[in-house]
Amino acid sequence: VYKSTLAIVCYLWLSRWCLGAKGRVSSRRCWPLVLPACQHALRGSEEARQLPAVARAAVSTTQEKDGGVRGKGAAVAVAATMDLKHFLESDDAEVYLKAAARQRRSTLNISHRELTVVPSLISDLRHALVLNANNNKLIMPPQEIVKLSHLQQLTLDHNQLTMLPSGISRLSCLTTLNLGYNKLGVLPDELFDLPVLTHLWLTATELTALQPEIGRLTTLQYLCVADNGLAKLPRELDKLQALLWLNLSKNSLFELSSSLFRLKALRYLNLNNNQLTHISESALGNLAALVTLLVRGNKLLHVPHVGRNDDLSKLDVRDNSISTLSQNAYEELIESLEWFSMDGNPAAALVASFSNGGVENAT
């Protein structure tokens, strides 16, 4: 850090001389003097080779719309406030990864860089535990990552992937995988062989079915398949007995598989914005650990009966087609729940006439 700071100081001092009388930068005057000084301070290190690009970026931020600059001190002031960490972690992904390799970083962040491919040298960073490659433009499967045998968290959401790299099951330490907002359409069979996976995010991945092989992920605790085209759920879902949190919102579910109601550990269930018309009382009662049930934006005709769900504290049935609810049923609900709302239903006005009884009827 001392050497890097000294190089920046060299640049700042010499850049004053490099600004011409009209406030424009003369790179031919500047860099023959600045670069050798910086290289001397950094003794030929990788940071010295990065410095010209960083300095040019600092100068460019001071330009006015007409192409000029604000004055001699402007570039110096901007450069002086540059974040040194940002300087060291260059936007150049390969430079960043080389630095990460030297420093043996356990967390690698190459997100938000508009990458279309993952740099091949990433396969050498086998000590990495976390890789964030989200919000890029990745099209080809990042085959290099399957060599990161110690990887525990992999984030690939918001790319343009249509398939995953072959051999992904070799990531035997992976616990968290985020593939959301890609155009996968279908999941590879070997994905379901990840032995310790606990978190799987598949939001908006253009799935039309949840494959039966999902039942092989017996360690899964959090599963999100929101915003897809699911019309039904596989029978094998009930094999996910460790599942605590399930988001099935924004799909096309008309009915719920009995396998869903055999998830004994489930505490959070989001069914918002589907096509459901009813939820079986007997089936719902099997979810003894359920704390939160969200069924907003469906076509329910009746409020689900939750008398057997002792742990349930939040029930959201807003924006359905519920036209009636007796006062006794309402009182039972508000006695057992901490949060309940059925706003946006035909019966909402009727419910508003009942006593609140201490429960929040939120909008």
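## Secondary structure and basis

The chain contains 9 helices and 11 strands, taken as DSSP runs numbered from the N terminus (helices: H or I, at least four residues; strands: E, at least two). This is a predicted model, in which local features need pLDDT of at least 70 and side-chain atom pairs count only at pLDDT 80 or more, while totals for chains, interfaces and linings use all residues. Residues are numbered from 1 along each chain as its sequence is written, and side-chain values use heavy atoms, with hydrogens and water left out.

## Confidence

Mean pLDDT, the predictor's confidence in each residue from 0 to 100, is 81 for the chain, and 72% of the residues reach 70 or more. Residues 12-90 have pLDDT below 50; beyond near neighbours in sequence, this stretch makes 98 contacts in the model (heavy atoms within 4.5 Å). Residues 357-363 are also below 50, with 24 such contacts.

## Burial and contacts

Of 363 residues, 49% are buried (under 20% relative accessible area; exposed is over 50%, partly exposed in between; 1.4 Å probe, protein chains only). Among contacts with a separation of 6 or more, 33% join residues 24 or more positions apart.

## Cysteines

The count of disulfides is 0, a disulfide being a pair of cysteine sulfur atoms within 2.5 Å. Cysteine 224 is buried, at 5% relative accessibility, whereas cysteine 173 is partly exposed, at 31%.

## Valine 117

Valine 117 lies in the loop between β1 (107-109) and β2 (130-132). Its relative accessible area is 48%, so valine 117 counts as partly exposed.
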